[in-house]
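Biologist: I would like to learn how to read a model of this kind. Please take me through it one feature at a time.

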Amino acid sequence: VSRSEVISHMRRAKAFIFPGVEDFGITPLESLACGTPVIAYKAGGVLETLTPETAIFFEVPTTRSLKEAVIRFQTEKFFTKELESRAEDFSKERFMSQIKSFIDTVSS
């Protein structure tokens, strides 16, 4: 499917389930940018990018643990502005600004 279709589906989703382990994991941040919270396995890069305000974590990679996380998710309330704001923390623009600031500091 096209990128615009993926974005459209992600915006309409109740949650994005991310059961994998990655060093960074851009897909959960793309979900947040669409205003969609994440249900994630509590390991790897998501521990640096997701927060309790943007995600529900499950502790062990089992069907039972994921099911319990989905049930907890149904009782939680997430706010689109918080989700989008967290994604913005990892934007290209912010990264470039922080790198420039660091270089300016080191160069002085």
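Biologist: Which residues have the most contacts inside the largest nonpolar core?

Modeller: In soluble globular proteins, nonpolar side chains tend to be buried together. This is a predicted model, and its largest nonpolar core has 22 residues, with L32, V38, A40 and L50 having the most contacts inside it. At least two core residues come from each of β1 (16-18), α2 (26-33), β2 (38-41), β3 (55-58), α4 (63-73) and α5 (80-88).

Biologist: What is L50 in contact with, leaving aside its neighbours within four places in sequence?

Modeller: L50 is in contact with P28 and L32, with V38 and A40, and with A55 and F57.

Biologist: Which residues of α2 are buried, and where do they lie around the helix axis?

Modeller: An α-helix has 3.6 residues a turn, so residues three or four places apart point the same way. Here the buried residues of α2 are P28, L29, S31 and L32. They fall within an arc of 155 degrees seen down the axis, so they line one face of α2. Their packing partners are α1 (3-12), β1, β2, α3 (46-49) and α5. Just after α2 comes G35, with a positive phi of about 85 degrees.

Biologist: Is F102 buried or exposed?

Modeller: F102 lies in helix α6, residues 92-107. Exposed means over 50% relative accessible area; F102 has 56%, so F102 counts as exposed. Together with F95, M96, I99, I103 and V106, F102 makes a nonpolar surface patch of about 620 Å².

Notes:
Residues are numbered from 1 along each chain as its sequence is written. This is a predicted model: local features need pLDDT of at least 70, side-chain atom pairs count only at pLDDT 80 or more; totals for chains, interfaces and linings use all residues. Side-chain values use heavy atoms; hydrogens and water are left out. A nonpolar core is a set of buried Ala, Val, Leu, Ile, Met, Phe, Trp, Tyr and Cys residues joined through side-chain atoms within 4.5 Å. Buried means under 20% relative accessible area, exposed over 50%, partly exposed in between (1.4 Å probe, protein chains only). Helices (H or I, at least four residues) and strands (E, at least two) are DSSP runs, numbered from the N terminus. Contact means heavy atoms within 4.5 Å. The arc is that of the directions from the helix axis to the C-beta atoms. Patches are made of residues with over 30% relative accessible area and no salt bridge: like charges are joined within 9 Å, nonpolar side chains (Val, Leu, Ile, Met, Phe, Trp, Tyr) within 5 Å. Accessible areas come from the Shrake-Rupley method with a 1.4 Å probe; for residues, only the protein chains shown count as cover. A salt bridge is a side-chain nitrogen of Lys or Arg within 4 Å of a carboxyl oxygen of Asp or Glu.
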